[in-house]
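Visitor: I have a model open on my screen and would like to learn how to read it. Could you walk me through it, feature by feature?

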Amino acid sequence: MTEHLQVVTHPLVQHKLTIMRDKRTPTAVFRQLLREISQLLAYEITRDLPVTTTTIETPLTEMEAPTLAGRKLALVSILRAGNGLLDGMLDLIPSARVGFVGLYRDEETLKPVEYYFKVPAELDRRVVIAVDPMLATGNSSVAAISRLKEAGATDIRFLCLLASPEGVQRMKEAHPDVPIVTAALDERLNGQGYIVPGLGDAGDRMFGTK
Ligand code: URA
């Protein structure tokens, strides 16, 4: 991928996102829409995967047919909200391996602290798609991607539902080699680090924890 930021303006994505932003949307609908949008975003983020051909026989004849080539995929969920994107992406890419990165924010230093890290083997030989619905301050995404690089990943993409200009800038400075695919670039962050207009706390809305 060449562009650092790609906003998927497809009408289906935008329509579903509007329903998700609406505070009246119930948890079950929110979760279902997140699953559907994640498939559409996964479609875009994998658009340039290399293809090769293989010989098959249709009921009518033999043909050289396209098939995915090269490096295998790994999806990495940044806990906990990233999990809401996983199932839809796995619908589309069922053979992908899955990893998890758990980070919390230290209240004194405000820096992300890792509490869980489990990723597939041979990350250096995979296309790695890190997923988190909200690219807000960018602190946790930047830290998670740094850990993936330490673990050997060299081809990393980042998929989110909403991004803030501040988060995009922070990612661009820290990881200029990591392209971002999102459904919308919102106006700003507020003083509490929430994206505005946003959709609130993505984890709470998908898991019904508020
Ligand atoms: N995380 C969320 O869930 N929502 C925001 O607006 C920012 C970070």
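Visitor: Which residues does Leu-34 touch, not counting residues up to four places away in sequence?

Guide: In this predicted model, Leu-34 touches Met-20, Gly-84, Leu-85, Leu-161 and Met-206 once those sequence neighbours are set aside. Leu-34 itself is part of helix α2.

Visitor: Is Leu-34 buried or exposed?

Guide: Buried is the word for a residue under 20% relative accessible area. Leu-34 has 0% relative accessibility, so it counts as buried.

Visitor: Helices next. How should I describe two that pack together?

Guide: Two packed helices are described by the angle between their axes and by the distance between those axes. Take helix α1 (residues 11-21) and helix α2 (residues 27-45): their axes cross at roughly 155° and come within 10 Å. An angle over 145 degrees counts as roughly antiparallel, and α1 is therefore roughly antiparallel to α2. The crossing in which α1 passes α2 is left-handed.

Visitor: Which residues of α1 and α2 meet?

Guide: On the α1 side they are Leu-12, Val-13, Lys-16, Leu-17, Ile-19 and Met-20; on the α2 side, Phe-30, Leu-33, Leu-34, Glu-36, Ile-37 and Leu-40. By type, the residues of this contact of α1 with α2 divide into ten nonpolar, no polar and two charged.

Visitor: At what angle do the axes of α2 and α3 cross?

Guide: They cross at roughly 55°, and the axes come within 7 Å. That angle makes α2 oblique to α3, and the crossing is right-handed. The contact is made by Leu-34, Arg-35, Ser-38, Gln-39, Ala-42 and Tyr-43 of α2, with Gly-84, Leu-85, Asp-87, Gly-88, Met-89, Asp-91 and Leu-92 on the α3 side. Sorted by type, the residues where α2 contacts α3 are six nonpolar, four polar and three charged. Our friend Leu-34 is listed in this contact, and Leu-34 is listed in the contact with α1 as well.

Visitor: And how far apart are the axes of α4 and α5?

Guide: The axes of helix α4 (residues 139-150) and helix α5 (residues 165-174) are 9 Å apart, and the packing angle is about 25°. Angles under 35 degrees count as roughly parallel, and α4 and α5 are therefore roughly parallel to each other. Here α4 passes α5 in a right-handed crossing. Asn-139, Ser-141, Val-142 and Ile-145 of α4 make the contact with Arg-170, Met-171 and Ala-174 of α5. Those residues divide into four nonpolar, two polar and one charged.

Visitor: What is the phi of Glu-122?

Guide: Its phi is near 55°, a positive value in a residue other than glycine. Glu-122 belongs to the loop between β6 (112-118) and β7 (126-131). With 43% relative accessibility, Glu-122 counts as partly exposed.

Visitor: Where is Gly-208 found?

Guide: Gly-208 is in the segment after α6 (202-207). Gly-208 is partly exposed, with a relative accessible area of 44%. Leaving aside neighbours within four places in sequence, Gly-208 is in contact with Thr-27 and Gly-203.

Visitor: Finally, the whole chain. How many helices and strands does the protein chain have?

Guide: The protein chain has six helices and 14 strands. Its radius of gyration is 18 Å, close to the 17 Å that the globule rule gives for 210 residues, so the chain is as compact as a globular protein of that length. Buried residues make up 43% of the 210 residues. Among contacts with a separation of 6 or more, 63% are between residues 24 or more positions apart.

Conventions
Residues numbered from 1 in each chain as written. Predicted model: local features only at pLDDT ≥ 70, side-chain atom pairs only at ≥ 80, totals over all residues. Heavy atoms only, no water. Axes fitted to C-alpha atoms, helices over the stretch in contact; angles between N-to-C directions. Helix = DSSP H or I, 4+ residues; strand = E, 2+ residues; numbered from the N terminus. Parallel < 35°, antiparallel > 145°, perpendicular 65-115°, else oblique. Left-handed = near helix turned anticlockwise from the far one by under 90°. Contact = heavy atoms within 4.5 Å. Nonpolar A, V, L, I, M, F, W, Y, C, P; charged D, E, K, R; others polar. Rg over C-alpha atoms; globule rule 2.2 N^0.38 Å. Buried < 20%, exposed > 50% of the residue type's maximum accessible area, 1.4 Å probe, protein only.
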